[in-house]
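I opened a new structure today and kept notes as I went. Here is what I looked up, in order.

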Amino acid sequence: MAGDSTGLEEPDLTLRLLWRERLGRPVGSRGPKQSSSIDEVLGAAIRLADDEGIGALSMRRVADRLGLKPMSVYTYVPGRAELIDLMVDHVAGEVPLPRPRGSLRDRLALIARIQWEEYLRHPWLLDIDTSRPPLGPHISDHWEWCLRALDGFGLDDVDLDRVLTMLLGFVAGPARSHIDAQRLQRSSAQTDDDWWARNAPLLDRIMDPGRYPVSGRVGRAAGAVETAPGEAFEFGLARLIDGIEVYVRSRLRESA
């Protein structure tokens with residue numbers, strides 16, 4: 001991402017672009033009068049990534065969508081890395097955040113479901129390295145909202161950070177599996193049931209029950225249960241929150 005650059009000027013320019021509404025819009029490069037805007041470039045880039053994935057994102061492809069010459073896009077955003085930073089920050093603020101209410105469990109579930117929905121709207125987010133997220137206004141506001149939602153339930157500041165990081169990290173796993181399954185369903189000419197029916201005779205021959213007794217038993221039981229979309233996410237989320245609640249209760253007992 002742009003923030004990883006070792007240059008002295010690039011990070012400052014990226015931050016200025018991210019905070020352009022507060023700092024003022026940066027002056028573009030010399031050249032013809034701009035016929036679009038940073039926001040329009042950003043919107044076209046997000047739509048492209050939504051339609052085709054982040055791998056399809058290039059300055060040329062964004063220019064094509066806007067009817068611009070490829071090099072003119074660089075008068076709005078210095079490069080692809082900076083553009084991705086802007087995209088990640090933008091989608092973090094596209095849905096108003098509700099007022100957190102209820103128990104710690106309620107709030108943890110709310111945070112996780114908001115992140116889940118964001119991944120479903122923009123699957124390309126799962127392909128972005130967010131180990132050093134862009135410190136834009138929307139990401140900063142979202143992180144503050146999450147921390148405030150969990151504050152006051154017995155977690156110290158370090159635990160607040162760790163619990164939130166763990167919660168959001170969990171969401172990515174089932175979201176990726178869910179989205180991959182949707183992609184396979186759209187691209188494949190046969191359903192999962194059709195695939196299993198077609199290959200069942202061969203699998204019965206090679207999957208020796210004497211060698212795979214537990215796998216066979218579990219596979220049959222799981223296959224007999226109809227799983228709703230998102231059920232794996234909800235199951236895992238509930239178990240994760242169970243564990244967080246146990247941890248919080250133990251911390252409260254220690255501090256009593």
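My entries follow, starting with the ground rules.

**Ground rules.** I am working on a predicted model, where local features need pLDDT of at least 70, side-chain atom pairs count only at pLDDT 80 or more, and totals for chains, interfaces and linings use all residues. I number residues from 1 along each chain as its sequence is written, and my side-chain values use heavy atoms, with hydrogens and water left out.

**Aromatic pairs.** I looked for ring pairs. Rings of Phe, Tyr and Trp (its six-membered ring) pair if their centres lie within 6.5 Å; planes under 30 degrees apart are stacked, over 60 edge-to-face, and the rest tilted. How many aromatic pairs does this rule give? I count two aromatic pairs. One joins W116 and F233, which are stacked, with 4.2 Å centre to centre and 10 degrees between the planes. This pair links distant parts of the chain: W116 sits in helix α6 (residues 104-121) and F233 in helix α11 (residues 231-255), 117 residues apart. Helices here are DSSP runs (H or I, at least four residues; strands are E, at least two), numbered from the N terminus.

I then checked burial. Buried means under 20% relative accessible area, exposed over 50%, and partly exposed in between, with a 1.4 Å probe and protein chains only. W116 is buried because its relative accessible area is 7%. F233 has 2% relative accessibility, so F233 is buried as well.

F170 and F233 form another stacked pair, at 6.1 Å centre to centre and 15 degrees between the planes. F170 lies in helix α8 (residues 157-187), F233 in helix α11, and 63 residues separate them, so I note another link between distant parts of the chain. F170 counts as partly exposed because its relative accessibility is 21%. Together, ring pairs join W116, F170 and F233 into a cluster.

**A charge over a ring.** I found R239 over the face of F235, 5.2 Å from the ring centre. The test asks for NZ of Lys or CZ of Arg within 6 Å of the ring centre and within 35 degrees of the ring normal.

**Helix α11.** I compared its span with expectation, which is 1.5 Å times one less than the number of residues. α11 has 25 residues and reaches 36 Å from its first C-alpha to its last, close to the 36 Å expected. Its buried residues include F233, L237, L240, I241, I244 and V248. I recalled that an α-helix has 3.6 residues a turn, so residues three or four places apart point the same way. What do the buried residues of α11 pack against? They pack against α6 and α8.

**Helix α6.** α6 has 18 residues and spans 26 Å, first C-alpha to last, close to the 26 Å expected. Among its buried residues I list L104, L108, I111, Q115, W116 and Y119. The cover over the buried residues of α6 includes α5 (80-91), α7 (137-150), α8 and α11.

**L168.** I looked up L168 in helix α8. L168 is buried because its relative accessible area is 18%. Beyond neighbours within four places in sequence, L168 is in contact with I111, Q115 and W143. Contact means heavy atoms within 4.5 Å.

**P98.** Where is P98 found? P98 is in the loop between α5 and α6. P98 counts as partly exposed because its relative accessible area is 34%. Leaving aside neighbours within four places in sequence, P98 is in contact with L110, I114 and W145.

**The largest pocket.** Last, I turned to open space. A pocket is defined on a 1 Å grid over the protein atoms alone: an open set of points where a 1.4 Å probe fits, with protein on both sides within 12 Å along at least five of seven lines, and lining residues have an atom within 4 Å of a point. The volume is the space filled by probe spheres set on the points. The largest pocket has a volume of about 1200 Å³. It is lined by 35 residues, and D192, W196, G219, A222 and G223 lie nearest its centre. α8, α9 (192-206), α10 (213-223) and α11 each give two or more residues to this lining. Which element gives the largest share of the lining? α10 does, with eight residues.
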